[in-house]
Amino acid sequence: MANAARDTFVVGLRNAHAMEVQARELMERQSERLDEYPEVKAKVTAHLQETNEQLSRLEKCLEACGESTSTLKDTAQSVMANMMALAHSAAGDEILKNTFANNAFENFEIAAYKSLLALCGAAGVPEAKAPLEMSLKEEQRMAAWIDSNVEKVTMEYLTHQRQAA
Ligand code: MG
Ligand code: FE
């Protein structure tokens with residue numbers, strides 16, 4: 001039982017690490033193209049900082065499990081993230097597509113951290129609880145902000161459309 005929980009926890013930590021690398025790539029690509037939406041840009045940039053913290057928290061959790069962090073296979077996912085950002089950048093309504101995608105992504109992250117938190121006790125790594133909870137709260141704050149900003153960003157997009165016409 002202890003070993004199954006620990007194995008599941010370690011795999012979960014590695015997957016979460018890959019997820020955060022993907023998040024970082026997505027937000028880096030997006031923030032380069034958000035000059036027309038300064039409020040969104042500030043929020044994405046701030047969450048990018050949080051994401052770097054989340055990555056090092058996950059690395060510390062892996063180390064607490066006696067796992068090496070040098071063999072993390074994050075590359076495939078980050079290629080995917082870049083392709084996704086690129087696909088959206090070809091669209092006129094890039095800001096809207098990115099808002100929807102970010103909303104989905106933050107909620108995916110929330111579920112991943114909740115799952116890790118459910119496992120850390122049984123995995124015998126109780127010291128992982130506090131850092132994982134910190135990351136969960138950051139994801140919940142970001143998800144709540146995106147959710148409350150959908151209508152505003154849509155109307156801002158409309159204003160930019162009118163100015164361009
Ligand atoms: Mg994150
Ligand atoms: Fe996030």
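Helix H2 meets helix H5 through Glu39, Val40, Lys43, Val44, His47, Glu50, Gln54, Arg57, Leu58 and Cys61 on the H2 side. On the H5 side, the partners are Pro131, Leu132, Met134, Ser135, Glu138, Glu139, Arg141, Met142, Trp145, Asn149, Lys152 and Val153. This is a predicted model. The protein has five helices and zero strands. A magnesium ion (ligand 1) and an iron ion (ligand 2) sit 3.0 Å apart.

**Overall build**

- Read from the N terminus, the elements run α-α-α-α-α.
- The protein has 165 residues, and 43% of them are buried.
- Take the contacts between residues at least 6 apart in sequence: 81% of these join residues at least 24 apart.

**H2 against H5**

- H2 covers residues 38–64, and H5 covers residues 129–164.
- The axes of H2 and H5 come within 10 Å.
- These two axes cross at roughly 160 degrees.
- An angle over 145 degrees counts as roughly antiparallel, and H2 and H5 are therefore roughly antiparallel to each other.
- The crossing of H2 past H5 is left-handed.
- Which classes of residue make up this contact? There are ten nonpolar, four polar and eight charged residues in the contact of H2 with H5.

- Arg57 belongs to helix H2.
- Is Arg57 buried or exposed? Its relative accessibility is 13%, so Arg57 counts as buried; the cut-off for buried is under 20%.
- Setting aside residues up to four places away in sequence, Arg57 touches Pro131, Met134, Ser135 and Glu138.

**H2 against H4**

- H4 covers residues 94–120.
- H2 and H4 pack at an angle of about 25 degrees, and their axes are 14 Å apart.
- Because of that angle, H2 is roughly parallel to H4; the cut-off is under 35 degrees.
- H2 passes H4 in a left-handed crossing.
- H2 brings Val40, His47, Gln54 and Leu58 to this contact.
- H4 brings Ile95, Glu106, Glu109, Tyr113 and Leu116.
- By class, the contact of H2 with H4 has five nonpolar, two polar and two charged residues.

**The metal site**

- Which protein atoms are donors to the magnesium ion (ligand 1)? They are Glu20 (OE), Glu20 (OE), Gln54 (OE1), Glu109 (OE) and Glu139 (OE).
- These donors lie 2.0 to 2.4 Å from the magnesium ion.
- Along the chain, the donor residues follow the spacing E-x33-Q-x54-E-x29-E.
- Glu109 coordinates both the magnesium ion (ligand 1) and the iron ion (ligand 2).
- Gln54 has a relative accessible area of 0%, so Gln54 is buried.
- Glu139 is buried too, with a relative accessible area of 0%.

**Gln30 in H1**

- Gln30 is part of helix H1, which spans residues 2–31.
- The relative accessible area of Gln30 is 5%, so Gln30 is buried.
- Apart from neighbours within four places in sequence, Gln30 contacts Val44, Asn98 and Asn102.

- Phe100 lies in helix H4.
- Is Phe100 buried or partly exposed? Its relative accessibility is 48%, so Phe100 counts as partly exposed.
- Phe100 and Asp147 are 47 residues apart along the chain, and their C-alpha atoms are separated by 9.0 Å.
- Pro126 is in the loop between H4 and H5.
- Pro126 has 57% relative accessibility, so Pro126 counts as exposed; the cut-off for exposed is over 50%.
- Pro126 and Cys61 are 65 residues apart along the chain, and 9.9 Å separates their C-alpha atoms.

Terms used: Residues numbered from 1 in each chain as written. Chains lettered and ligands numbered in written order. Predicted model: local features only at pLDDT ≥ 70, side-chain atom pairs only at ≥ 80, totals over all residues. Heavy atoms only, no water. Axes fitted to C-alpha atoms, helices over the stretch in contact; angles between N-to-C directions. Helix = DSSP H or I, 4+ residues; strand = E, 2+ residues; numbered from the N terminus. Parallel < 35°, antiparallel > 145°, perpendicular 65-115°, else oblique. Left-handed = near helix turned anticlockwise from the far one by under 90°. Contact = heavy atoms within 4.5 Å. Nonpolar A, V, L, I, M, F, W, Y, C, P; charged D, E, K, R; others polar. Buried < 20%, exposed > 50% of the residue type's maximum accessible area, 1.4 Å probe, protein only. Donors = N, O, S within 2.8 Å, 3.2 Å for Na, K, Ca; no water.
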